Amino acid sequence: MRVLLVEDDAMIGKGLVTALSAVGMSVDWVRDGGEAEAALRNEGYAIVLLDLGLPRADGFEVLKSARREGIDTPVLIITARDHVDDRVAGLDLGADDYLVKPFETRELLARMRALIRRRAGQSTPRLVAGALELDTETHELSLGKAAEVLPAREYALIHALLERPGRILSRSQIEERIYGWGEEVESNAVDVLIHSIRRKFGKSVILNVRGAGWMVAKS
Ligand code: CA
């Protein structure tokens with residue numbers, strides 16, 4: 001699961017990268033509004049954590065221009081500004097949620113899960129396609145009697161496919177969602193992950209679409 005973190009405070013930024021990496025997320029961290037606007041055009045992010053007070057362009061400007069460009073990645077504003085005007089402005093500009101600093105990591109993670117879930121059109125913590133079920137809190141994938149807690153990358157891969165069963169994701173689309181900047185990606189990395197998931201749940205858990213990519217069946 002790939003996250004864009006927009007935060008100019010070095011200490012807060014480091015703390016968040018550590019906390020999010022600990023639960024298996026790949027975090028790309030940018031420190032000013034200009035970089036954020038450029039990074040947001042990448043569609044691989046599951047969610048964006050956006051500070052408001054930033055050098056070059058503030059968080060409101062970043063959000064406004066992203067939404068104007070039609071970028072619909074979920075945005076969670078994280079800021080020390082707790083005035084109701086700021087919260088209203090942020091939400092009206094297209095933010096999906098707003099969390100005031102300081103906050104506890106577990107609240108941040110719960111809100112992130114809720115937004116990621118909402119984007120997938122699910123109101124419960126489970127992503128389901130037919131008999132295949134993914135628990136987004138425990139990272140357990142189950143199919144019939146088989147159930148396993150997946151390692152971070154396998155989780156991110158199956159999550160991306162289960163967000164919309166029946167939709168094909170190409171190799172590069174999958175890589176974009178799993179790996180952050182500067183991460184070494186072997187050319188067969190996606191195949192290795194798929195092979196590992198199939199070994200646990202059977203070959204038909206992920207379907208090959210020749211020359212296009214992979215999908216999970218709708219039912
Ligand atoms: Ca700031």
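How many residue pairs are in polar contact between domain 1 and domain 2? The count is 7, with both residues of each pair at pLDDT 80 or more. The model is a predicted one. Its chain is assigned two parts, domain 1 (2–120) and domain 2 (126–215).

**Where the domains meet**

- The centres of domain 1 and domain 2, taken over C-alpha atoms, are 25 Å apart.
- Contact between the domains involves 16 residues of domain 1 and 16 residues of domain 2.
- About 1300 Å² of area is buried between domain 1 and domain 2, and carbon and sulfur atoms give 49% of this area.
- On the side of domain 1, the residues that lose the most area to domain 2 are R2, R113 and A120, which together make up 34% of what that side buries.
- While 7 residue pairs are in polar contact across the two domains, the count of salt bridges between domain 1 and domain 2 is 0.

**Nonpolar cores**

- In soluble globular proteins, nonpolar side chains tend to be buried together.
- The largest nonpolar core here has 47 residues, and the members that touch the most others are M112, L157 and I206.
- Helix α6 (residues 152–163) supplies the largest share of this core, 7 residues.
- This core lies between domain 1 (2–120) and domain 2 (126–215), because both give residues to it.
- I206, one of the members of the largest core that touch the most others, is in contact with L157, I158, L161, I194, I197, R198, W214, M215 and V216, leaving aside its neighbours within four places in sequence.

**Helix α2**

- Helix α2 spans residues 33–40, and its buried residues are G33, G34, A36, A39 and L40.
- The cover over these buried residues includes the elements β1 (2–6), β2 (26–30), β3 (47–50) and α3 (59–68).
- The N-terminal end of α2 is capped by D32, which has a side-chain oxygen 2.8 Å from the backbone nitrogen of G34.
- G34, whose backbone nitrogen takes part in this cap, is itself among the buried residues of α2.

Conventions
Residues numbered from 1 in each chain as written. Predicted model: local features only at pLDDT ≥ 70, side-chain atom pairs only at ≥ 80, totals over all residues. Heavy atoms only, no water. Buried < 20%, exposed > 50% of the residue type's maximum accessible area, 1.4 Å probe, protein only. Helix = DSSP H or I, 4+ residues; strand = E, 2+ residues; numbered from the N terminus. Contact = heavy atoms within 4.5 Å. Polar contact = N/O pair within 3.5 Å; in protein donor to acceptor, adjacent residues only side chain to side chain. Core = buried A, V, L, I, M, F, W, Y, C linked by side-chain atoms within 4.5 Å. Domains from an automatic or database assignment. Buried area = accessible area lost by both parts, 1.4 Å probe. Salt bridge = Lys/Arg side-chain N within 4 Å of Asp/Glu carboxyl O.
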